[in-house]
Each structure stands twice: as C-alpha cells, then as structure tokens.
Amino acid sequence: MLSMSNLSPSPGTPMAASPLTRACLEIDEYAAGLGWDKPARLFALVDTARLKKQEPRLASQLGLDQDDAGKSSLTPIEQEEVPAGTPLDTFLGTLAWPDAVVGCALTVERLMLPPSAEASVPEGLGDKQLAKWVAGHPERQEVRLTVAVLRDGSRESAVRLREKDSSTEVLTGGNLVPGLAEALAATFS
C-alpha cells in the first residue's frame with residue numbers, strides 16, 4: 001500500500017527550474033523536514049495533470065486541487081519503506097513501475113570523502129572494511145542524496161551536506177550521483 005506525502009514547493013526552488021528539478025528539490029526539502037539519520041525513502045513521480053484528471057479524490061487529498069502557482073507538474077508519492085538490511089542495489093533490482101509512473105526518486109544518507117582523499121584509500125578493502133575506513137576518516141562528510149529519474153532518461157540530483165543543512169546550500173545537477181541514477185533508471189527497464 002502506498003503512503004502519500006503532501007509535498008509543497010520549497011521556498012528556495014527556482015520557478016524556472018525544470019519539473020524534475022523542482023520535484024527533486026521538493027523531495028529534498030521534505031526529507032530535510034524529517035531530520036537526519038533516517039532510512040532511505042523511495043518516491044514514484046506521476047504527472048500532476050494526469051493524476052488530477054484520473055484520480056480527482058486522491059489529487060484533492062494531496063492538495064493538488066488548490067492553486068497550482070509554483071507547484072511542480074510532477075507529483076512525488078512516497079512508497080512503502082525500503083526494507084532494512086536489504087542492500088539498496090538488490091532492492092532496486094526488484095522494482096517495476098506501472099505505466100502511470102513517469103519517474104522515480106530516492107533519498108538516502110551516505111558518508112562521502114572529498115576527491116583529495118581518494119588517493120589515500122587502502123587497496124584490497126571489502127565493502128564493510130571500506131565503510132569502516134570512510135566512517136573514521138577525518139575529512140568525511142555526511143550527505144543526503146536525492147536522485148530522480150524519468151522514463152525518458154532525464155536525471156536530477158540534490159546533495160545536502162549535514163554541516164550545511166540549509167535549502168540555500170543544496171547542490172543540484174543531473175550527473176552528481178551517476179551510479180544511483182543508473183540504478184533508478186534500470187527500474188524502468
């Protein structure tokens with residue numbers, strides 16, 4: 001069963017941004033409102049006009065029957081929780097979307113290192129050992145990644161650093177998290 005989230009446009013979302021960028025930033029803002037140290041969250045992206053026409057009661061529940069000024073033409077709908085303990089790539093490999101879903105998005109928290117730290121990564125570490133090494137690295141950054149893709153191949157990402165946890169500090173771009181974007185795009189194959 002789906003749990004619906006009523007996402008409102010982020011105050012810092014540029015009006016000229018593409019619908020995918022706006023949806024990605026809306027999801028980032030929603031996740032920011034929940035705080036840090038949360039599990040991954042998965043969203044279906046549906047065409048707002050189609051949703052309003054085909055599911056008027058649901059659209060009304062989501063607040064989509066109100067003034068559309070500043071709202072995205074994509075509506076994010078939060079899905080059931082990502083199963084705890086299941087590797088993300090394994091979970092994403094089990095997904096299939098109905099035709100009404102035009103895209104999907106995922107928000108997940110990770111530790112990242114700056115490019116300057118790549119040269120110091122010890123060779124031969126397994127996944128668990130590498131994760132432990134990164135967690136202990138003095139230059140690590142906690143980040144929230146929000147990645148959105150459409151069936152047509154369009155991609156967008158939003159990256160929020162925990163130490164700069166502000167809507168005005170969110171970095172966006174289509175190729176910021178290419179591996180996760182590829183994994184999400186594969187759910188439409």
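This is a predicted model: local features need pLDDT of at least 70, side-chain atom pairs count only at pLDDT 80 or more; totals for chains, interfaces and linings use all residues.
**Reading aromatic pairs, a sheet and its helices**

Colleague: How are the rings of Tyr30 and Phe43 arranged, and which geometry does that make the pair?

Modeller: Two quantities matter here, the distance between ring centres and the angle between planes, with angles over 60 degrees counting as edge-to-face. For Tyr30 and Phe43 the centres are 6.0 Å apart and the planes stand at 85°, so this pair is edge-to-face. The pair links distant parts of the chain, since Tyr30 belongs to helix H1 and Phe43 to strand E1, 13 residues apart.

Colleague: Is Tyr30 buried, exposed or partly exposed, and is Phe43 buried or exposed?

Modeller: Tyr30 has a relative accessible area of 24% and is therefore partly exposed, whereas Phe43, at 0% relative accessibility, counts as buried.

Colleague: What is the geometry of the pair formed by Trp97 and Phe188?

Modeller: Trp97 and Phe188 are stacked, with 6.2 Å from centre to centre and 25° between the planes. Trp97 lies in the loop between helix H4 (88–92) and E3, and Phe188 in the segment after helix H6 (178–186), so the pair ties together parts that are 91 residues apart in sequence. Both Trp97 and Phe188 are buried.

Colleague: Which ring does the charged end of Arg144 sit over?

Modeller: The charged end of Arg144 is placed over the ring of Trp36, 4.1 Å from the centre of that ring.

Colleague: Turning to the sheet, in what order do the six strands lie, and is the pairing parallel or antiparallel?

Modeller: In general, strands of a sheet pair through backbone hydrogen bonds, either parallel or antiparallel. Here the six strands form an open sheet in the order E2-E1-E3-E4-E5-E6, and the pairing is antiparallel. E2 and E6 are the edge strands, each pairing on one side only, and neighbouring strands of this sheet are turned by 20° against each other on average, direction ignored.

Colleague: How many bridges join E1 to E3, and how many join E3 to E4?

Modeller: Six bridges join the antiparallel strands E1 and E3, where Phe43 stands opposite Ala105 in E3. Between E3 and E4, which also run antiparallel, there are 10 bridges, and there Val108 stands opposite Leu145 in E4.

Colleague: Why does the span of helix H1 agree with its number of residues?

Modeller: At 1.5 Å a residue, the 16 residues of H1 (residues 19–34) should span 22 Å, and the end C-alpha atoms are 23 Å apart, which agrees. H1 is followed by Gly35, whose phi is positive, near 95°.

Colleague: Which residues of H1 are buried, and what covers them?

Modeller: An α-helix has 3.6 residues a turn, so residues three or four places apart point the same way. The buried residues of H1 include Leu20, Ala23, Cys24, Ile27, Ala31 and Ala32, and what covers the buried residues of H1 includes strands E1, E2, E3, E4, E5 and E6.

Colleague: Which strands do H1 and H6 lie across?

Modeller: H1 lies across E1, E2, E3, E4, E5 and E6, running at about 30° to E5, while H6 lies across E1, E3, E4 and E5, at about 35° to E4.

Technical notes:
Residues are numbered from 1 along each chain as its sequence is written. Side-chain values use heavy atoms; hydrogens and water are left out. Helices (H or I, at least four residues) and strands (E, at least two) are DSSP runs, numbered from the N terminus. The expected span of a helix is 1.5 Å times one less than its number of residues. Buried means under 20% relative accessible area, exposed over 50%, partly exposed in between (1.4 Å probe, protein chains only). Contact means heavy atoms within 4.5 Å. Two strands pair if DSSP finds at least two bridges between them. Rings of Phe, Tyr and Trp (its six-membered ring) pair if their centres lie within 6.5 Å; planes under 30 degrees apart count as stacked, over 60 as edge-to-face and the rest as tilted. A charge sits over a ring if NZ of Lys or CZ of Arg is within 6 Å of the ring centre and within 35 degrees of the ring normal. Axes are lines fitted to C-alpha atoms, for helices over the stretch in contact, and angles run from 0 to 180 degrees between N-to-C directions.
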